[in-house]
Amino acid sequence: LDTELANRERAKHDRLLRRARFPVVKGLDGYDFTNVRLPDGYMLDELLGLGFIPRAQDLVFYGKTGRGKTHLAIGLGMKAIDMGLGVRFHQTAELVLQLGKAKRDGTLETMLRDIGRADLIILDEFGYVPFDIDGARLLYQIIAGSYERRSIIFTTNIEFSGWGRVFGDPNMAAAIIDRTVHHGRMLRFEGESYRRTHALMQ
C-alpha cells in the first residue's frame, strides 16, 4: 500500500511538472537572495513558504535582465508543485501568440480553462515585447480572470509607469496595475547580473 501511494504521488508530481512547462527545471538550493529587495514587512520565510498562493496574491519581480528573476520564479513554481499545486509557466510574448492562434482556431476557451486550473501562473519577461491591442485584450482576460482566484508572478524590467506602453491601452494597464497592487507585492532585483556573476565563478 505504501508503495502504491508513493507511485501515485510520484505520478501526480510528474504530471504537474509536465503541465507547468518550465523551460528548465531549477530549484532554490544555493540561490543568492543578497540583491533581492523585499517589500517592508515581507519576510523571506513568507515568500518561500508560498503563503501568497492560497491568498491569491500576485508578485512582481522587477529588475534588469539577468538578475535571477526567472530562476526565482521557477524555483517557487517547483516548490508549489512539490506541494501538489498546479503551475503554468509562460513566456509572455509567446503566450500572447498562442492565445491569438487559439482564438483563430476556435480553441481559446479550452486554452483558458487549462490555464484557469492552475494555482500559480508565471508570466515571464512581461513587457519585453509590446502586444497589439487584440493580444493585450486576450492577456487581460487571463490576468483579470485570475483576480482573487489564483496567483500570478510577473517577471519584468518595466516599471508600472511603462505598462501602458506594453498594452497600448492605458486604461487596460491601469486596471491590471490596480488589481496587482491591491493583491500583490513588488520585489526589486538589484546588483550585478546574476548570470554574469555565476559565469565568472565557473
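The expected span of a helix is 1.5 Å times one less than its number of residues. The views below show a predicted model.

**View 1. Helix α1, residues 2-20, from end to end.**
Helix α1 has 19 residues. From its first C-alpha to its last, α1 reaches 27 Å, close to the 27 Å expected at 1.5 Å a residue. The residue that follows α1 is R21, and the phi of R21 is positive, near 60°.

**View 2. Helix α3, residues 69-82, and its length.**
Helix α3 consists of 14 residues, which should span 20 Å at 1.5 Å a residue. After α3 comes G84, with a positive phi near 85°.

A residue counts as buried when its relative accessible area is under 20%. The buried residues are K69, H71, L72, A73, I74, G75, L76, G77, M78, A80 and I81.

**View 3. The largest cavity and the residues that line it.**
In the whole structure, a search finds one cavity of 30 Å³ or more. The largest cavity holds about 30 Å³ of space. Its lining is made up of A56, D58, I143, S146, Y147, E148, R150, R179 and H183. Of these lining residues, four are charged, three are nonpolar and two are polar.

Terms used: Residues are numbered from 1 along each chain as its sequence is written. This is a predicted model: local features need pLDDT of at least 70, side-chain atom pairs count only at pLDDT 80 or more; totals for chains, interfaces and linings use all residues. Side-chain values use heavy atoms; hydrogens and water are left out. Helices (H or I, at least four residues) and strands (E, at least two) are DSSP runs, numbered from the N terminus. Buried means under 20% relative accessible area, exposed over 50%, partly exposed in between (1.4 Å probe, protein chains only). On a 1 Å grid over the protein atoms alone, a cavity is a set of points where a 1.4 Å probe fits but cannot get out, and a pocket is an open set with protein on both sides within 12 Å along at least five of seven lines; lining residues have an atom within 4 Å of a point. Grid points are joined across faces, edges and corners, and a volume is the space filled by probe spheres set on the points. Ala, Val, Leu, Ile, Met, Phe, Trp, Tyr, Cys and Pro count as nonpolar, Asp, Glu, Lys and Arg as charged, and the others, Gly among them, as polar.
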